[in-house]
Structures are given as C-alpha cells and as structure tokens.
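Here is a friendly note for a colleague who is opening this structure for the first time. Please keep the view beside you and go through the points in order.

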Amino acid sequence: MSTLQNIGLSGLVAGRSSLDNTAQNVSNALTEWYSRRENILVPRQTHGSTERLMVAGVEIPEVRRVTDDFVTTRVWYTSGKYQQAQVLNSYLNQLDAILGGDHTGYSEPLDRFNRSLQRAAVNPEDLAVRQQVLGDARLAGLQLQTIQERLMAFHEQMDVQLNGLVTEVNQLAEFTAELNERIRTVTVAGSDASDLLDNRNRVIDRLAELAGVKVRQQDFQVVDVVLAGGEALVSGNEHAKLALSKGSGDPLKPEIRINNGQILLSMDRWSGMIGGIAEFRDSVLLHEQNSLGLQAAMLSGGCNRILTAGYGLDGNPGQGLFLATNDSSLLGQRVLPGSNTGSAQLTVTIDENTPENYVASDYLVKFTSATQCSVTRLKDKHTQVLNLSGTASIDGLNLNITSGTAAAGDTYRLVPWRYQAGDTKSILEDPRKLGFAGLNPSATTPADRSNGPGDNSNLQTLLNYMGGKGLNYSLAVEVDRQVSRVATDASEAASREKAEKTLRTSARAERDNLSGVNLDEEGANLIRFQQYYQANVRVMAAGTMMVDELLNLLT
C-alpha cells in the first residue's frame, strides 16, 4: 500500500471515529449530566530508513471528555443550597398559612373573646352575655389546641420525610462506591470510563440535593464523598450507612448517626433537603411552638388569676375560666431528663403573676453539685447559676427538686412552653361563677364582699390585662408579633430560594456551556467531518490510481 493510501486510510479512520463521536453526542443531547466527547486528532509520525522524520497521516490518541472539576463542584454546592432553601420556604409558607390565616390563626378567636368581654362589661349581670363569654373562651382554647395539633403534625411529616431521605442517601452512597470500583478497574486497564464518570456525577448531584455533600478527588479517578461535618459517606469502594433515630435529649429532634450509630451528626451543618428540614425545625418551628405556648399561658394564667380575685353573681369568689396553667397533668411534659446518674425529679411551674418575665425558649439545666446548677436559656445562650435547695426562679419560671438527689453532671432540658397550647381549654360551665365583680372595700361580712351583680370593676381589670393597658406586655401584641415574625420569615425564605435558584441556574448553565451538547455545533460538525471523510476517500482513490498506473507501466 502506498504512503498516500496509508495517509488516506488514517484520515478515513479518524473521520469515521469523529462522525461516530458526533452522533453519540447528538443522541445524548438531552441526557442529564452527559459530558460531550471530543476526538483529539494529532499527526501520526514515523521515521524513515535515513532517520528523517516523516509525516504519515493522522491518529486519535485520546477521546476527551469535556468537563471541569471546579465547575462541577460549584453545581453540586448550589444544588444543595437551593434544595435547602426550597424546603425551608415550603414549610414556612405552610406555617404562615396556619398562623396568619383568618380562620386558621389565633388572632380572630382572641379578638372574638375580647369582644364578648367588652359586651359583658356593659351588662355584667346578663346571663346570656356571660354564656357568650364562656362560649368564646371555649373556642379560643379549641383554636389553640388545633394550632398545636397542626404544629405537631409538622414534626410527624418531617420525620417521615427524613426517613425517606436517609434511606435514599444510603442507596446512593452504595451505588457511588460501586461506581468508584468500576471506574478504578476501567482506568487501571487503560479503557475509557467516561460513561461511568458521567453516571457518578449524576448520582453525586442527587446526593448534594439531599444532604449537601462535598467531593475529594483520589487516584485513578476515584472520589471520596464527605458530609458537611467532614464525615466520610463514601471512601473508595466503601460506604457508610446513615441511621435515623429518636432524639436522645429531645423527642422532637431526631438524630442522624453514622457507622452503626457510633457518630452523631450535627444537624445544623447539613444543607440540601435534610438541612432545610433541620433549619425549619430548629430555627423556626420549635420557637413558634414555644411562642404559642407562652401565649396560651398568658391567656389561661392571666384570666384565672384575675377572675378568681373577683366575685360571681352569687357573691362567692369567682372560679378559673381555663384549666390551671400548672395543673398536675401538665407538669410532666415540661422536663426532659438526660442520661443522668442522680435520682432528682425536677419540676417547673409557671408564675402566673409575672407574665412580663416570660421568654419563649427552652432551657438546659446542668448540675454541678446536688443543689447547684447552671441554667442556660437556649434562645440566646444566656446562663444563670441557681441554687435548688429550695425553689429558684428564672424568666417567670419556678424550679425545684421534688424528690431524689441530683448528681454533678446531670442534665435536664426544660420545655415549659412547648405543649402548653395543646392543653389550654375552658373548664368553667356556670356563667354565674365568672368573677366580674370587684371587692367591696367597706364590706364587714363575707356576704358583702362583692360590689354586687351589676359591678364590672374586676372585669375591667381583665380587659386591661387582655389589651395591655397600663402594662409593658400584652397578649394581643404577642399574637401579632408571632404572625408578623412568621410572615417576615416566609418572605425572606422566598427571596432566599429565588436567589439560590438563580445561583444554581447560573452554575448549571456554566456547566452546560462547557460540557453539554450544543446541537447547532454538533450539526456543523457532522457536515465538517462528512466532508473530511469524503476528502480522505479521494486521497485514497488518488493513491490507488497512482499504484494502478505504476503497475500498468511495469507490465
């Protein structure tokens, strides 16, 4: 075969390979995470007998997979952040609809209760008006319970979602480890691992959406996948397994552990969908539950305290309108003991006389001796040292050891407000027992203590309390603040999601421009390589013609 024919044949091979590669790119133009391939054409060089360098055609030493690790990593990072913002925004919108809705929030039932009290102030002896007060109080309590049930439903929903996400992360981690092993084997053998690499990138992108992972490059195109805290999820051909379990210190804060539960993963360092759930629960939901419980305590405690100081229509002391704030059925929910060595039973009661001191927060109690302890308000990390040899107070809460003995190092999580709203209910059935009348200062006998059935002086005290008149706190203001706070959080979450989506779109566009298939470009390549192939056919034909002419001369 002549040199011309050899050169033409090498061009035919290169042209055919380039056409095949272009067709492969076109067929995968819509394939997610496919990286286009490029044939690298270089001159094929040989040496003649005189050691003179001669050019002899073309060869393809490499089919290059067009990609950039930095660009790919940016896509994964923005995917995790966007999914986190999207989940947070979704849950906040639902919460905003509950707390801010005309029929689902607490503002309307509270306003209705206030209006019935105002009507009763005009005719305090009217039984029908008093009965309306009882009815609206019952509705206010029921609405608090309904909202609490809906907030608790969030926890159930998130637990189910977390369980599904953890399961999917484990499956993807196992698949990534398998792909690592196959990629290493193919790479060591000197074969092309492009399809495997694209498939692994697709899997890691989904892992980033779920958990916000990071990637570290290793030898032979193998990667390690690590979680936000630095814990290895995939290392070579091995993978860890995540497990979701009930929170050891708080039943409403489930824990994710790794390596058979040996390592507890900090939830505040995650991104992705798992990070969005953790952020909503820890930064929003639990705080709003505390805020709602604080409002419930202000309603029940304040109403009961004032009404029992007044007198009913029968001249007897008034009775509480709501279930007592510190009813024995409520106390057991407020203390979550840790894994303690001591036997102390800690009790938390709410001081109904100091609502101005209430703070919607959980607390962490840590004993340094049998009676000495530090109490940290978890909302702002403020710490106070208390002596529990008797009753000690903090933020309108009374703490005491009712039995047993504490040991140094014992811990307790206090959740005084978390469940209060769910247990707020009206218990008074007789409207005559509403203590609207005030105390007669000139009374000389028990029968004369009341100012009479037409008196509304104590009811006016209750109205002042409900409206915050002359006080530096108000139940209505607390309700409005919560509605406004959640609405603001929801608006900010929507803006954050929009910003993260823009960043993710930009990162993906950069990756697509670099690695994706451009059909216009590939269409032009088809024409170009077809012409290239046809030209090399003519080169071979010319070489064949020259050989034939030479043979004719010789014969």
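This is a predicted model: local features need pLDDT of at least 70, side-chain atom pairs count only at pLDDT 80 or more; totals for chains, interfaces and linings use all residues.

1. How accessible are the two partners, buried or partly exposed? R206 has 28% relative accessibility and so counts as partly exposed. E209 has 12%, and because buried means under 20% relative accessible area, E209 counts as buried.

2. E510 lies in helix α9 (residues 475-515) and R74 in helix α2 (residues 69-100), 436 residues apart. Both ends are partly exposed: E510 has a relative accessible area of 34%, and R74 has one of 26%.

3. A further salt bridge joins R511 and D512, whose closest N and O atoms are 3.6 Å apart. R511 is buried, with a relative accessible area of 7%, whereas D512 is partly exposed at 43%. In total, the structure holds 28 salt bridges.

4. Now for the aromatic rings. A search of the whole structure finds 8 aromatic pairs. One of them is formed by F113 and F322: the centres are 6.4 Å apart, the planes make an angle of 75 degrees, and the pair is edge-to-face. F113 lies in helix α3 (residues 107-122), and F322 lies in the loop between α6 (272-307) and α7 (328-331), so this pair ties together parts that are 209 residues apart in sequence. Both F113 and F322 are buried.

5. Why is the pair of Y465 and Y473 called edge-to-face? The ring centres are 6.2 Å apart and the planes stand at 70 degrees; planes over 60 degrees apart count as edge-to-face, so this pair falls in that class. Both Y465 and Y473 are buried. Elsewhere, ring pairs link Y91, F154 and F280 into a cluster.

6. Two arginines are worth a look beside the rings. The charged end of R305 sits over the ring of Y465, at 5.6 Å from its centre, so Y465 takes part both in this contact and in the ring pair with Y473. The charged end of R528 sits over the ring of F529, at 4.7 Å from its centre.

7. Next, please turn to strand β12, residues 363-367. Which residues lie on its covered face, and which on its uncovered face? Y363, V365 and F367 are on the covered face, while L364 and K366 are on the uncovered one. Strand β13 (residues 372-377) runs antiparallel to β12, and 5 bridges join the two. L364 stands opposite T376 in β13, and the two strands form a hairpin with 4 residues between them.

8. Strand β12 also pairs with strand β17 (residues 411-414), in the antiparallel sense and over 4 bridges. Within that pairing, L414 of β17 is the bridge partner of Y363.

9. There is also an open sheet of 3 strands, in the order β11-β16-β15, with antiparallel pairing. Its edge strands are β11 (345-350) and β15 (392-394), each of which pairs on one side only. From one strand to the next, the twist averages 30 degrees. Strand β15 is joined to β16 (residues 397-403) by 3 bridges, the two running antiparallel, and S393 stands opposite N398 in β16.

10. Finally, a word on the record. An unreviewed UniProt entry carries the annotation "domain: Flagellar basal-body/hook protein C-terminal" for residues 515-553. In this model, the end C-alpha atoms of that span lie 55 Å apart, and the span is 92% helix and 0% strand.

Methods:
Residues are numbered from 1 along each chain as its sequence is written. Side-chain values use heavy atoms; hydrogens and water are left out. Buried means under 20% relative accessible area, exposed over 50%, partly exposed in between (1.4 Å probe, protein chains only). Two strands pair if DSSP finds at least two bridges between them. Rings of Phe, Tyr and Trp (its six-membered ring) pair if their centres lie within 6.5 Å; planes under 30 degrees apart count as stacked, over 60 as edge-to-face and the rest as tilted. A charge sits over a ring if NZ of Lys or CZ of Arg is within 6 Å of the ring centre and within 35 degrees of the ring normal. UniProt positions are given in the numbering used here, feature names are shortened, and annotations may be inferred rather than shown by experiment. Axes are lines fitted to C-alpha atoms, for helices over the stretch in contact, and angles run from 0 to 180 degrees between N-to-C directions. A salt bridge is a side-chain nitrogen of Lys or Arg within 4 Å of a carboxyl oxygen of Asp or Glu.
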